[in-house]
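I opened the file to look up a few places in the chain, one at a time. These are my notes, in the order I made them.

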Amino acid sequence: MRCLVIRHAPAEPGQPDAERPLSPAGAVLLRQVRGPLQALAPDVGLIAHSPLRRARQTAALLAEAFVAPTQETAALAPGALDGLLPWVCGQSMPALAVVGHENDLSHWVCHMLTGDAGRFFQFECAAACLIEFRATPRAGTANLLWLLPPEHLTRMARR
């Protein structure tokens, strides 16, 4: 199974946090990077997202490029990532995408790669990585196929 992990695009400031929408610049950025993401992970069959508005909007814009359904899951809500691995294990497709938040996503990806707590990178807004589990997904068994900031994805879009 491959898992495309994406941090939501830049959002407007303000409160309440759960209702912050994507900024106009964030929506433009996401429209630029979604083509390269789809080219790098063409077989994504589902785009899961956190319940927060900016993640839901990011997933909806990605779904247009991937032609894949979106699904909200509480496992991607800030502070709730303990439930993400069991949720991923319950999916039966060869590739899926998850849209969430920092600091949770980088901690989760690093844990899937090493099996240890902590992290060794951070996701910028609209950054993504692709990890692969060759067997049943478990902490410490993922392989990192690529990790790209939005700047590289936008350069790819201009080619």
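**Entry 1: the loop around Arg 20**

I started with Arg 20, which sits in the loop between β1 (2–7) and α1. The model is a predicted one, and I kept that in mind throughout. I looked for what the side chain of Arg 20 reaches: one of its polar atoms is 2.6 Å from the backbone oxygen of Glu 12. Leaving aside neighbours within four places in sequence, I listed the contacts of Arg 20 as Ala 11, Glu 12, Pro 13, Gly 14, Arg 53 and Arg 54.

The loop between β1 and α1 also holds Pro 16. I checked the peptide bond between Gln 15 and Pro 16 and found it cis, with omega about 0°.

I went through the backbone angles next. Most residues other than glycine have a negative phi, and most peptide bonds are trans.

- Asn 103 is in the loop between β4 and α4.
- Val 67 is not a glycine, yet its phi is positive, about 50°. I placed Val 67 in the loop between α2 and β3 (70–72). With a relative accessible area of 72%, Val 67 is exposed.
- Ala 126 has a positive phi too, near 70°. Its loop runs between α4 and β5. With a relative accessible area of 0%, Ala 126 is buried.
- Gly 115, which follows α4, has a positive phi near 85°.

Is Val 99 buried or exposed? I found it buried, at a relative accessible area of 0%. Val 99 belongs to strand β4 (residues 95–100). I then compared sequence and space: Val 99 and Ile 6 are 93 residues apart in sequence, but their C-alpha atoms are 4.9 Å apart. Beyond four places in sequence, the contacts of Val 99 include Ile 6, His 8, Ile 47, Ala 59, Leu 62 and Leu 76.

I looked up the largest nonpolar core, which has 28 residues. Leu 4, Ile 6, Leu 37, Val 44, Ile 47, Leu 62 and Phe 66 have the most contacts inside it. Two or more residues of this core come from each of β1, α1, α2 (53–66), β4, β5 (128–133) and β6. The element that gives the most is α2, with six residues. Apart from this core I noted another, of 27 residues, among them Leu 46, Trp 108, Ile 131 and Ala 142.

**Entry 2: Leu 52**

Leu 52 is in the loop between β2 (47–49) and α2. Its relative accessibility is 9%, and buried means under 20%, so Leu 52 counts as buried. Beyond four places in sequence, I found Leu 52 in contact with Asp 17, Ala 18, Pro 78 and His 101. Leu 52 and His 101 are 49 residues apart in sequence and 9.3 Å apart from C-alpha to C-alpha.

**Entry 3: two helices**

In α4 (residues 104–114), I marked Leu 105, Ser 106, Trp 108, Val 109, Cys 110, Met 112 and Leu 113 as buried. These buried residues pack against β1, α3 (84–89), β4, β5 and β6.

In α5 (residues 150–158), Pro 150, Leu 153 and Thr 154 are buried. The buried residues of α5 fall within an arc of 100° seen down the axis, so they line one face of the helix. Their cover includes α1 (24–40) and β6 (142–148).

**Entry 4: cysteines**

How many disulfides does the whole structure have? My search found zero. Cys 110 is in none, and the nearest cysteine sulfur, that of Cys 129, is 8.6 Å away. Cys 110 is buried, at a relative accessible area of 1%. The sulfur of Cys 125 is 15 Å from its closest cysteine sulfur, in Cys 129, which is too far for a bond. Cys 125 is partly exposed, at 21% relative accessibility.

**Entry 5: rings**

Last, I counted aromatic pairs and got two. In one, the rings of Phe 121 and Phe 123 have centres 5.1 Å apart and planes at 75°, so I wrote the pair down as edge-to-face. Both Phe 121 and Phe 123 are buried. Ring pairs join Phe 120, Phe 121 and Phe 123 into a cluster.

Note on methods:
Residues numbered from 1 in each chain as written. Predicted model: local features only at pLDDT ≥ 70, side-chain atom pairs only at ≥ 80, totals over all residues. Heavy atoms only, no water. Helix = DSSP H or I, 4+ residues; strand = E, 2+ residues; numbered from the N terminus. Buried < 20%, exposed > 50% of the residue type's maximum accessible area, 1.4 Å probe, protein only. Contact = heavy atoms within 4.5 Å. Phe/Tyr/Trp six-rings, centres within 6.5 Å; stacked < 30°, edge-to-face > 60°. Arc of directions from axis to C-beta. Polar contact = N/O pair within 3.5 Å; in protein donor to acceptor, adjacent residues only side chain to side chain. Disulfide = S-S within 2.5 Å. Core = buried A, V, L, I, M, F, W, Y, C linked by side-chain atoms within 4.5 Å.
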